[in-house]
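This briefing covers one protein structure, grouped by topic.

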Amino acid sequence: MSSWSMPSMTTDLMMVIAKENLQTHIEEELEKETLKDLISPLQVWIASAGAHVCYHIIPLLASGEVFGMDTKISLTLFDREQMEDCLQTLAMEIEDLASPVLHSVSLCTNTEEAFYQAQVIIILDDSTSEEVYTLESCMRSRVPLCRLYAYLMEKNAHESVKVIVGGKVFVNLKTALLMQFAPHIAGNIIAVALGVEGQAKAKVARKMRTTSANIKDVIIWGNISGNNYVDLRKAKVYNYESAIKGPPGYYHSVLGMIFDSEWIRKDFVMMLQELSNTGKEFGGILGAHSIATTLKYWYQGSPPGEIVSLGIMSEGQFGIPEGLVFSMPVKFENGTWVVLTDLEDISLTPQIINRLADDLVQEKLVALGDILSFQPIQEESKDSTQSSIGQDEEKEQAVSDDSEGKFENHQ
């Protein structure tokens with residue numbers, strides 16, 4: 001009798017232990033799910049997520065570099081219904097990243113649900129369904145989508161939403177339209193200028209035979225994707241091989257080290273103009289890095305003492321007319337930006353300000369249908385650190401980008 005009782009007792013005990021282990025496992029899983037539900041991830045939306053540049057932005061967001069490793073993000077990809085297959089493929093790739101900061105990935109092709117509870121909205125270059133053949137029609141084609149986005153932002157997004165507008169076509173114009181149609185969040189809408197700034201730094205670095213990371217404090221004034229002024233007066237070069245050495249952190253003035261004034265006055269301007277006219281060297285990588293870096297600065301602050309170019313609504317600083325979305329020097333700190341009005345020797349002449357301002361005013365008036373044609377101011381001479389883009393060149397670039405966008409959407 002006793003010889004059969006031990007196995008029976010052992011089996012019963014094992015069954016009890018197994019049941020307890022199962023119950024413990026179930027409780028642990030329920031606790032994990034409860035904790036997951038309690039996490040409040042940052043709600044990040046990307047508009048026109050089918051755009052090529054989105055593939056480069058997402059790894060940067062998922063790396064934890066932008067918002068910090070302690071901030072979980074919920075990413076929503078938003079685009080038109082025709083792009084749903086593209087978005088689904090992209091979402092699966094994002095999940096394969098297994099990012100520790102990525103809480104969830106979702107899609108949205110229902111316009112009425114767009115930007116729901118969004119805390120960060122990234123606006124990429126959009127394509128238009130309209131046929132566009134002129135510069136003016138390109139400008140006007142931006143209005144309906146900006147009006148719609150602005151309505152949805154005010155209706156659905158978080159009240160403190162941060163909106164960042166990137167791209168290489170009509171960046172200032174789109175930002176200005178969003179501000180006009182979404183006045184309650186206008187103070188939290190900015191335009192990215194770091195791409196143009198990066199191009200200028202790269203050209204200077206090649207001339208000086210150093211790396212572009214060593215070039216700091218190049219300022220972009222005016223229209224980011226149009227008629228702008230590239231200012232080297234505060235530009236610095238660090239770690240530069242020269243006869244004069246200094247301690248760590250020592251720098252030289254860029255203008256003091258480039259003795260070829262003819263290059264600055266002509267070649268530098270022509271190279272930047274060529275980049276603006278053709279869109280060369282402003283692909284997905286540069287566009288994505290510019291957006292991600294600007295977002296990082298917005299959340300974590302820009303490097304101390306460093307000048308950052310940013311497109312914001314002018315309040316009359318530097319003699320710039322109020323009410324224009326204008327690129328100017330700022331720094332980021334404490335979750336916002338501060339315009340660097342205390343910088344010395346960076347005033348612009350009234351002629352330069354008027355030309356840059358007129359460009360922006362006309363873009364908006366044409367877009368809204370208040371005037372029929374865009375007429376750039378014809379200047380007598382160009383300043384040595386100025387890069388500008390004329391009507392014909394911008395028309396070519398804008399129409400080209402729209403055509404590319406429509407082609408991609410019909411793949």
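The second largest pocket holds about 390 Å³ of space. This is a predicted model: local features need pLDDT of at least 70, side-chain atom pairs count only at pLDDT 80 or more, and totals for chains, interfaces and linings use all residues. Residues are numbered from 1 along each chain as its sequence is written, and side-chain values use heavy atoms, with hydrogens and water left out.

**Second largest pocket**

- The lining of this pocket has 17 residues, of which E197, G198, K201, H289 and T293 are the closest to its centre.
- A pocket here is an open set of points on a 1 Å grid over the protein atoms alone, where a 1.4 Å probe fits, with protein on both sides within 12 Å along at least five of seven lines; lining residues have an atom within 4 Å of a point.
- Grid points are joined across faces, edges and corners, and the volume is the space filled by probe spheres set on the points.
- At least two lining residues come from each of α7 (194-208), β7 (215-216) and α10, and α10 gives the largest share, 5 residues.
- Helices (H or I, at least four residues) and strands (E, at least two) are DSSP runs, numbered from the N terminus.

**Nonpolar cores**

- The largest nonpolar core has 63 residues, and those touching the most other members are F115, I121, I123, M153, L178 and M208.
- Helix α6 (residues 171-181) supplies the largest share of this core, 7 residues.
- A nonpolar core is a set of buried Ala, Val, Leu, Ile, Met, Phe, Trp, Tyr and Cys residues joined through side-chain atoms within 4.5 Å.
- Buried means under 20% relative accessible area, exposed over 50%, and partly exposed in between (1.4 Å probe, protein chains only).
- Not counting residues up to four places away in sequence, M153 touches F115, I121, I123, V163, L178 and I185; contact means heavy atoms within 4.5 Å.
- A second, separate core has 57 residues, among them L75, V105, L310 and V330.

**Aromatic rings**

- The whole structure contains 11 aromatic pairs.
- Rings of Phe, Tyr and Trp (its six-membered ring) pair if their centres lie within 6.5 Å; planes under 30 degrees apart count as stacked, over 60 as edge-to-face and the rest as tilted.
- W221 and F318 are edge-to-face, 5.0 Å centre to centre with 85 degrees between the planes.
- W221 is in strand β8 (residues 219-222) and F318 in the loop between β12 (308-313) and β13 (325-333), so this pair ties together parts 97 residues apart in sequence.
- W221 is buried at 0% relative accessibility, whereas F318 is partly exposed at 21%.
- The ring centres of Y297 and F332 are 6.3 Å apart and the planes are at 45 degrees, so this pair is tilted.
- Y297 is in helix α10 (residues 284-300) and F332 in strand β13, 35 residues apart; Y297 and F332 are both buried.
- W45, F78, F115 and Y149 are linked into a cluster by ring pairs.

**Charges over rings**

- K162 has its charged end over the ring of Y299, 5.0 Å from the ring centre.
- K236 has its charged end over the ring of Y251, 5.2 Å from the ring centre.
- A charge sits over a ring if NZ of Lys or CZ of Arg is within 6 Å of the ring centre and within 35 degrees of the ring normal.

**Single residues**

- T175 is in helix α6 and is buried at 0% relative accessibility.
- Leaving aside neighbours within four places in sequence, T175 contacts V165, I189, I190, A191 and V325.
- C138, in helix α4 (residues 135-140), is buried with a relative accessible area of 0%.
- C138 and A367 are 229 residues apart in sequence but 8.2 Å apart in space, C-alpha to C-alpha.
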